[in-house]
Amino acid sequence: MPRRRPGQLLPLERRILETGLGLQTADAGFHGFLLAAALSATDESTALTAHGTLYKALGRMADAGLLAAAWEDPAIAASAGRPRRRLYRVTAEGATALAAARAVAPADAAPSRAARGIA
Amino acid sequence: MSAQRARAYRASVRWVLGWAERYTRGLPPAIAGSRRDELASDLWEQGADARRRGRSGVGTAVSILSRAVRGIPADLAWRRVQLAGGAPEPRAIRRERRVASAGLLVAVLVGLAVAAVGLAALVRIGIVLGRHGYAPSGMTMSSTALGTVAVLCGLVLLLRRRTRWIGAVWLAGSSAVVGWFATVALEETSSTAQSIIDGLTGYPVLPLFPLIVAIGIAGIAAFDLALAVAWFPGRKAARA
């Protein structure tokens, strides 16, 4: 898949980057459900993003270099008694793309939910 | 009972993982396994989140199923991209797929409409027979009944990719039988149908009615047969 030019973000991708930057810490990324819950909390609707929509977007963004994805150490998941998580982090390229998108269209001019392409 | 132990939650998880098993079938094992593992993690996390928040198992299951169903188009699009080796599908192929989907949708809707006409005719025959002891000819009744069953079988064949072209041929024939005999039965047993037919044909010019029915039948048959040709497996292989 061709790499994206900075600033070319779909509405859902922009929200993922914005929300992801808020979720990730210096030593921990975020996983799919955590992101879905956070997206839903910042939305006017309480519906969680659909599985297919979310993971298709995350995969596409990882392929484009906007996110870095890595599977959690299985030992950590086993000790916590749960399936291992796939952890994402917003990359420097993702942050640059978000900054470029914000420069073109500030957040307060964000389109409606339907226009944001949320399933 | 915690949400994660609720039967509804576990059933919804099984359904979603079963669906994931289906749409990842035939993909490279690493890609398929990664998607299924990520979904399994998501489902577990949603159950754990529901438990922490004291949400019911049924509510959590509804939310999970809603997320899964809303995501089906994206799942299928993702699958197509993966099958194409990660590259987005060319526009021409996407357009061809959309045309094929629209054709299938129209064929199914027309088939359902024809089946509905057949069933309506059978109901009217039953009512008139019960109330007045009158029935159209045996040929009309048996053709309507068998034709309606055949149309329903054709719809089943149409919905399976492998038998789609057979279903289209099947529907072309069975729709013609139902189209002809069910309208005859309705004309004989239903005053509402008679009024509609009179309105269509400009009573008393009744000979126009068979012509209208014949044109309708020919149109449906031509449409179904065109779809059968387009879906014929040999043709697809030749194009590939």
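**View 1. Helix H3 of chain A packs against helix H4 of chain B.** In this predicted model, the two helices sit at an angle of about 35 degrees, with their axes 6 Å apart. (Axes are lines fitted to C-alpha atoms, for helices over the stretch in contact, and angles run from 0 to 180 degrees between N-to-C directions; helices are DSSP runs of H or I with at least four residues, strands are DSSP runs of E with at least two, and both are numbered from the N terminus.) H3(A) passes H4(B) in a left-handed crossing, the term for a near helix turned anticlockwise from the far one by less than a right angle, while clockwise would be right-handed. Look for A:Gly52, A:Thr53 and A:Lys56 in H3(A), which meet B:Ile72, B:Pro73, B:Ala74, B:Asp75, B:Ala77 and B:Trp78 in H4(B). Here "meet" means contact: two residues whose C-beta atoms, placed from the backbone, lie within 7 Å. Sorted by class, these residues come to 5 nonpolar, 2 polar and 2 charged. (Nonpolar covers Ala, Val, Leu, Ile, Met, Phe, Trp, Tyr, Cys and Pro; charged covers Asp, Glu, Lys and Arg; the others, Gly among them, are polar.)

A word on reading the labels: residues are numbered from 1 along each chain as its sequence is written, and chains are lettered from A and ligands numbered from 1 in the order in which they are written. As for the prediction, local features need pLDDT of at least 70 and side-chain atom pairs count only at pLDDT 80 or more, while totals for chains, interfaces and linings use all residues.

**View 2. Here is the side of chain B that touches chain A.** Across this interface, 25 residues of chain B are in contact with 19 residues of chain A. Helices H2 (29–53), H3 (57–70) and H4 (72–83) of chain B each supply at least two residues of that side. H2(B) gives the largest share, with 11 residues. What classes of residue does the side of chain B that touches chain A have? There are 10 nonpolar, 6 polar and 9 charged residues.

**View 3. Helix H2 of chain A packs against helix H2 of chain B.** The angle is about 55 degrees and the axes are 8 Å apart. That makes H2(A) oblique to H2(B). (Angles under 35 degrees count as roughly parallel, over 145 as roughly antiparallel, 65 to 115 as roughly perpendicular, and the rest as oblique.) From H2(A) come A:Gly32, A:Phe33 and A:Ala37, and from H2(B) come B:Glu38, B:Asp42, B:Glu45, B:Gln46 and B:Asp49. By class, that's 2 nonpolar, 2 polar and 4 charged residues.

**View 4. Now for the buried residues of H2(A), which spans residues 32–41.** They are A:Gly32, A:Phe33, A:Leu34, A:Leu35, A:Ala36 and A:Leu39. (A residue is buried if 20 or more other C-beta atoms lie within 10 Å of its own, exposed if 12 or fewer, and partly exposed in between, with C-beta atoms placed from the backbone.) These residues pack against H1 (11–23), H3 (51–63) and strand E2 (86–90) of chain A, together with H2 of chain B. Zooming out, chain A has 5 helices and 2 strands, in the order α-α-α-β-α-β-α. Of its 119 residues, 34% are buried.

**View 5. Helices H1 and H5 of chain A cross here.** Their axes come within 10 Å and cross at roughly 120 degrees. That makes H1(A) oblique to H5(A). The crossing is left-handed. H1(A) brings A:Arg14, A:Leu17, A:Glu18 and A:Leu21, and H5(A) brings A:Gly94, A:Ala95, A:Leu98 and A:Ala101. The tally for this contact is 5 nonpolar, 1 polar and 2 charged residues.

**View 6. Helix H6 of chain B runs from residue 138 to residue 159.** H6(B) has 22 residues and reaches 32 Å from its first C-alpha to its last, close to the 32 Å expected. (The expected span is 1.5 Å times one less than the number of residues.) Its buried residues include B:Thr140, B:Gly147, B:Val151 and B:Leu158. The buried residues of H6(B) pack against H5 (91–132) and H7 (164–189) of chain B. Chain B has 10 helices and 0 strands, and 29% of its 240 residues count as buried.

**View 7. B:Gln4 lies in the segment before helix H1 (7–23) of chain B.** Is B:Gln4 buried or partly exposed? B:Gln4 is partly exposed, because 18 other C-beta atoms lie within 10 Å. Leaving aside neighbours within four places in sequence, B:Gln4 is in contact with B:Tyr9, B:Gly47, B:Ala48 and B:Arg51. B:Gln4 and B:Arg55 are 51 residues apart in sequence and 10.0 Å apart in space, C-alpha to C-alpha.
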